Each structure stands twice: as structure tokens, then as C-alpha cells.
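The structure is shown first.

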Amino acid sequence: MPGAGLFRIAIPVLASLLAGCNPFSDARPMMDEYVERVARVLDVDPELSDIDSASQLPRRRDRVLTIPDLEMGMLDFLSLYGCELQQVVGQKNSVMGRVMQPLNHLRYEIRFIEAARECLPEIEDEDLSEELVDAIESKLESLPIAIWNATWGVEEVEKLFTLAKGDYPVSPEGNPVSDLARDIGRLNATVSRLLSNDLSVSLEFAGAVQQRWQAEHRAGQLINSALLLTARLQDGTEILRQRTEGRPLCLNGKPNNQSDILQNMFFSVYIGEVQPYMSELARARTRLIVPFEQLAKMQIETMPESFRPWYQRHLTQDSQSSLWHQLDVAMMNHTRAWQDLLEQCGLRPGA
């Protein structure tokens, strides 16, 4: 029948439209709807506060640090016949070597140190040997800079932390941060060893990690959602406290029709919709944001001053300026506000 095809087309279109009308399918309308429902049940005018803004990563030119150049002359290197160091330095001074990306530059610094160490026993000239020892020590001292540039100085990390891709999804399929979490765990272990001057680690996996950063936006989405939750939970807390401290919801601690409606809304919306999202956000935060805090914290001595305010605000978990600390406080206060109000009616959860 001709109409059957149209019917089959209409069903998914209608389903899509209905999903679009569901305020609980996306984070922002869900949290706005939650605050408005709390206010409506309690006969309080809802006020949706402004959501604090996050900051993009500092510009790359402010994140990338300069690696000191060696003062060894090329004439000295040309005398190192038979050493792999000749080839390593030659590649660095090629046209491609002068514009190498931070990750490749880190690989070069490691290869230089290893090749120079292998070359030392073959050098008979005492002055040149001392100069090469100094070069190795210099490269080891500047290695943390190369590590910083290869982690926080790359363009790909900007994509991962971009704020332009909205909020973290509600009820995501699978585990959206599983690959990223595995990546950052492996990267942290590698950076830790490199900072301990263990140069035997492989960086072969790092390129694929940074490619994944470029394709994913989860860290920025988590930051956006943390700020959204903080603002709306604070809004909800203010509404709950207005009733707790003002006109009693229940007289003599006895439930009534309004308290029953509020309790139903508490379980159906807050427990049924909002809390699962908060839990999902908490899991992703633990698996992704916390390891990135560790990546930065390991390199705190190398971290440029221009990066520190962003680090304190967006990555640290317990500093006063941390958006994650502010989220924790907002969640704690909101839970207490619910307990205090429901307790007026003998309906405190867990009582």
C-alpha cells in the first residue's frame, strides 16, 4: 500500500519529535525543569541564576615552553664519526626537524640522550668527552620542558577541553570516557617514569592518544555540566530553604497533600532523573578529570605561570577556586536542604 511507506517514515519522525519534547533527555533542560518543578510544588517563584562561565585552555603560545639549545658546535659533532648521535643531530637540523611537533621533539630529546650515552665510550678526545657529558646533563635538565610541551603544549588537548560542544550527555550509551580514561592512565605512568629519568619507556602509543583527544570533547563537556549542576542545585537549594525557613510545609510534622506531591516529585524527578546524571558525571570526572589533574600536578614545577589559574579552576578537586569543589559543596548543601524540608513532615529519606 502507498500509505504504508509514509507510515513507516512518520513513526521515527514522530518519535524524534517526542524525544525532543522530553526535558530529561538533555542536561540543561532537565536541570531547568527540575528547579521549576520544585518551585511549583512549593508555591515559590523559580529563579534560574546565571551559570558561571569556564575558560578555554590558555593559548598554545602561552602553554609551550622554550627548550634551551645546546652550545656544542657542529664541527664537534662532525668529528663523531661512527656514532648514531651524528644521525640524530642531523635529523634535528634538517628542514623537517626544525618544525617538528612537541611529541616528536620529546622523542628527539630522548634519542639524543641515549645516543650520546652510547657514544661516550668511543670518544678519545677528553675535551669533547667532557663537552658531551655536559650536553647529556643539559638535556636531562630540560627534559621536563619537552615532556610538558608534548602533553599540555599540543593542539590536540585543546579539542578535548573545548567548551563549544555542550554538556555531558544524559544516559549515554556505553562508557563515553573509557578509551580516554585508559589513555590518560597509560600516559601518566609514562610521564612519571620519564620524569624519573627512566628513558626506556615507549612513546609509540602517544600519537594515537592525541588523535583521540582531537576527536573527543568529553573533558570540556564535563566542565560545562559541572557548572550547570552547581548553578541549578544552588537554585533548588534556595527554593527548598525558603520553605524550610518560612511558611511550614507541614503542621505538627504531619504529612499533607502538598508534602505527598513533593515527596513523589523528589523520588520521580530528583532520585529518578537528576541523581543518575550526577552519578554518571561523578564517574566520568573520577576517570578523566582526576587523572588529568595528576598529569598537570606531576609537572607543577615546570608548569608556566599562565597555566596555573586554569589548572586551579578546572582540574584541581579541592582548592577553593575549583569548580569541582564548588560542585561538591552544592551537592552537599542540596541534599541537606531536601532532608531538612522533608523532615518537617516526618518524611526524611532514610529515617
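Predicted model: local features only at pLDDT ≥ 70, side-chain atom pairs only at ≥ 80, totals over all residues.

Helix H9, residues 178-195, counts 18 residues. From its first C-alpha to its last, H9 reaches 26 Å, close to the 26 Å expected at 1.5 Å a residue. The buried residues of H9 are Leu180, Ala181, Asp183, Ile184, Leu187, Asn188, Thr190, Val191 and Leu194. Just after H9, Asn197 has a positive phi of about 65 degrees.

Several helices take part in covering the buried residues of H9; the table lists those included.

| Helix covering buried residues of H9 | Residues |
|---|---|
| H6 | 102-119 |
| H7 | 126-151 |
| H8 | 156-160 |
| H10 | 206-215 |
| H11 | 218-245 |
| H12 | 257-297 |

The second largest pocket has a volume of about 180 Å³. Its lining consists of Arg60, Gln101, Pro102, Leu103, Asn104, Val154, Glu155, Glu156, Gly207, Gln210, Gln211 and Gln214. The elements that supply two or more residues to this lining are H6 and H10. H10 gives the most, with four residues. By class, the lining of the second largest pocket holds three nonpolar, six polar and three charged residues.

In helix H5, residues 84-92, the buried positions are Leu85, Val88, Val89 and Lys92. Viewed down the axis of H5, these buried residues fall within an arc of 90 degrees, so they line one face of the helix. As a general point, an α-helix has 3.6 residues a turn, so residues three or four places apart point the same way.

Terms used. Residues numbered from 1 in each chain as written. Heavy atoms only, no water. Expected span 1.5 Å × (residues − 1). Buried < 20%, exposed > 50% of the residue type's maximum accessible area, 1.4 Å probe, protein only. Contact = heavy atoms within 4.5 Å. 1 Å grid on protein atoms, 1.4 Å probe; cavity = no way out; pocket = protein on both sides within 12 Å on 5 of 7 lines; lining within 4 Å. Points joined across faces, edges and corners; volume = space filled by probe spheres on them. Nonpolar A, V, L, I, M, F, W, Y, C, P; charged D, E, K, R; others polar. Arc of directions from axis to C-beta.
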